[in-house]
Amino acid sequence: MADYSLYLVTGRHLLSHGKVYAQALEEALQGGVTVVQVREKDLDTLEFLEIARQSKALCEKYKVPLIINDRIDIALAVQADGVHLGQTDMPVHVARSLLPPGALIGVSCNNVEHVKQAVHDGADYIGIGAVWSTTTKRLTSPVVGVRGVGTLLDALDASNIRTVAIGGISSSNLLRTLHGAISSSGRRLDGVAVVSDIFASPDPFSAAKRLRDIISLHNNHVLQQRSLTEVPSRYTPDGIKSGIINIMRLIRESSPLVHQITNVVVTNQSANATLALGASPIMATAPEEMYDLSRIPGALLINFGTVKDKEGMILAGQFANDAKKPVVFDPVGVGATQFRKTTAAELLGTWQASVIKGNAGELAALAESNEVQSKGVDSVGSGFADSASFVKALARKERCIVVLTGPTDWISDGDIVVRLDNGDKMLASITGSGCMVGTCIATFCAGANLTDTGDDGVSNMFAKGDMLLGAIGGVVALTLAAEAAAGRKDVFGSGTFLPALIDELSRLTSDTVRDKANIQVL
C-alpha cells in the first residue's frame, strides 16, 4: 500500500537558480518524499516523456511510487504506478480500463459532490484542495480551508479511499493542516501534497526533511492520544482545584505577558483584571509588533468585539502558534453579522486556537447550529438542550478547548466535560463581563503554559501545558471573585460592583478555590 504522507508534485518552473530537475527530485526523495506526481501542463509529449523517464528511474531507486498527472499515455509509456485526474480529465472508469491492474488512480476534489463521485467511481485516493490559497496554479474552485477538509472527509464514510490535502501547504502551515483537518468521526488525512515548498527551495533535501519531521511530530502526538485509556487523576474536582491553585501561584511569581487584541469597550477593565491576577497586560494591535510579542512567555487573547485590526489578529495567531503560546479566541457577537462570521472563519482557518470561549449564541453561530439564537452580543432563549454534548462536539470539531459561558459554565476538550456552578447575576449588569472571562482564561492559560504536565497527549499541539486546566481556572477565578464582590457591603449596584470585582480578583486565595469552587467532572 502506498505511503501518501509526503506527496511531492513537481514543477520545473519553480526550480531555484542553478538547480536541475533530476538533481532537485533526487534530493527531495532523499529528504523523505513518499510519492511523486509529475505535473507538467505546458510540455510537448516528447519532453514530457523524457521528464517522466528521469522521474521513473529515480523513484524506482528510492522505492517510491510515481504518479503522472492527466497523461495516461505517458504513464503507460514509462510504466508509472498510476495517474492523477482532475474534474475535467478522463473519467476514472475509462482510465481504469486503459491502465494495468493495480494502477493507482487519484482524483482532485473540491467539494462533497466530488468526493461522493470519486467513491462511486472507485478512485484509490483523492486530493482535497486547495486547502490554502496558492500561486502554484490558477485556482478554478474556492479554497476549501483547513476546517473545510473535515466536511469532505465526512463524506467518505467507511470508504477505504486514501486522502491527501493539497494547495499552498508548506512547513509554516503543515502542522495546522494536519491538526485541524479531521472528520467528525476522527478520520484524518493520509498525507499532504507539497509543490513549491520543496521544488522552489534551493535545498530540496532539507525542505523535504523539515516537512517529514513535522509529519512525524504530528503522528507521534496522535499515537500518544490514542494510548490514553483513563482520565488523568488531575481531572477530579480536587485535582482541578489543586491545579488551579498551582497556576495562580505561577502567575503571581512569574507575571507572564498577556497580549490582548480586544475591543475598545473593555480595554481598560481587561487590563486591570490581568494585573489583579498578577500577570502583565499589553494591548498591542500593530501587525509589526506581533512577532516580537509572540516570543515573550505568556498568552494571546483575540477578542473581536469591535472587529478591528484583522491583519494584526492573523499574524499574532500565526506567530503564537509557532512559539507554542496559547491562543484564546473570544468571537464576541459572531452571530450578529455575516462580516463577523466570515472574519471568524478566516481567523480560525489561519491559526489554531487553544481555547474558544463564548456564550450560547456565539458558539451556536460558530457551530452553525440553529438551537440558540443571538441578538447582538447576547444570547436569546434558554440555551442548549444538552450543553455538555454540545461543547464536547464543538471541541472535537475545532480541535481545542471550548468554554460555554452562562449561568452554568461548561468546558470541554472533546473528551472530558467540566461543569462549573459559581458566579453571580451581577455579572450580567456590567458591560464586558464576558470579555473579562476571556481575559482571565488567557491569563490562566499563560500560567498553565509555564507548567510541565508531561507528554501525555492532553496538551494542545500548539501550546505547552494544560489548556483545559487553564480554561477552567480562568472561569473559576472570575466567578468566585464575582460572588465575593456581590456579597460586599460596599456594593450597591453595577457602578460599585465592577471595581469590587477587580479587587476580589486580586484577593483570590487558594482557600477560596478549595472551599468554594463548585466543579463537576462529567
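User: Which helices each supply at least two residues of the lining of the largest cavity?

Analyst: Before we start, keep in mind that this is a predicted model. A cavity is a space where a probe fits but cannot get out. Here, α12 (290-294) and α13 (310-322) each give at least two residues to the lining of the largest cavity. The largest share, 3 residues, comes from α12.

User: How many cavities are there, and what is the volume of the largest cavity?

Analyst: Searching the whole structure turns up 2 cavities of 30 Å³ or more. The largest cavity has a volume of about 40 Å³. Its lining is made of His259, Met290, Leu293, Ser294, Leu300, Ala316, Ala320 and Lys325. Sort those residues by class and you get 5 nonpolar, 2 polar and 1 charged.

User: What lines the second largest cavity?

Analyst: That one holds about 30 Å³ of space, and its lining residues are Met248, Ile251, Arg252, Leu277, Phe444 and Leu508. Helix α10 (residues 237-254) brings the largest share, 3 residues. By class, the lining has 5 nonpolar, no polar and 1 charged residues.

User: Let's move on to single residues. Is Thr443 buried or exposed?

Analyst: The idea is to check relative accessible area: under 20% is buried, and over 50% is exposed. Thr443 has 0% relative accessibility, so Thr443 counts as buried. Thr443 lies in helix α17 (residues 433-448). Leaving aside residues up to four places away in sequence, Thr443 touches Ile251, Val258, Thr274, Leu277 and Ala279. You've already met two of those names: Ile251 and Leu277 also line the second largest cavity.

User: Where is the cis peptide bond?

Analyst: For this one, you read the omega angle. The bond from Gly129 to Ala130 is cis, with omega near 5°. Ala130 is in the loop between β6 (125-129) and α6 (146-154).

User: Now the strands. How do I read the barrel?

Analyst: Follow the strands in order and see which ones pair. Here, a closed barrel of 8 strands runs β1-β2-β3-β4-β5-β6-β7-β8, with parallel pairing. From one strand to the next, the twist averages 25°.

User: How many bridges join β5 to β6?

Analyst: Strand β5 (residues 104-109) is joined to β6 by 4 bridges, and the two run parallel. To see a place where they face each other, find Val107, which stands opposite Ile126 in β6.

User: Which strands does α2 touch?

Analyst: Helix α2 packs on the sheet and touches β2 (35-38) and β3. When you compare a helix with a strand, look at the angle between their directions. The direction of α2 makes about 160° with that of β3. And remember Lys63, in the loop between α2 and β3.

Conventions:
Residues are numbered from 1 along each chain as its sequence is written. This is a predicted model: local features need pLDDT of at least 70, side-chain atom pairs count only at pLDDT 80 or more; totals for chains, interfaces and linings use all residues. Side-chain values use heavy atoms; hydrogens and water are left out. Buried means under 20% relative accessible area, exposed over 50%, partly exposed in between (1.4 Å probe, protein chains only). Contact means heavy atoms within 4.5 Å. Two strands pair if DSSP finds at least two bridges between them. Axes are lines fitted to C-alpha atoms, for helices over the stretch in contact, and angles run from 0 to 180 degrees between N-to-C directions. On a 1 Å grid over the protein atoms alone, a cavity is a set of points where a 1.4 Å probe fits but cannot get out, and a pocket is an open set with protein on both sides within 12 Å along at least five of seven lines; lining residues have an atom within 4 Å of a point. Grid points are joined across faces, edges and corners, and a volume is the space filled by probe spheres set on the points. Ala, Val, Leu, Ile, Met, Phe, Trp, Tyr, Cys and Pro count as nonpolar, Asp, Glu, Lys and Arg as charged, and the others, Gly among them, as polar.
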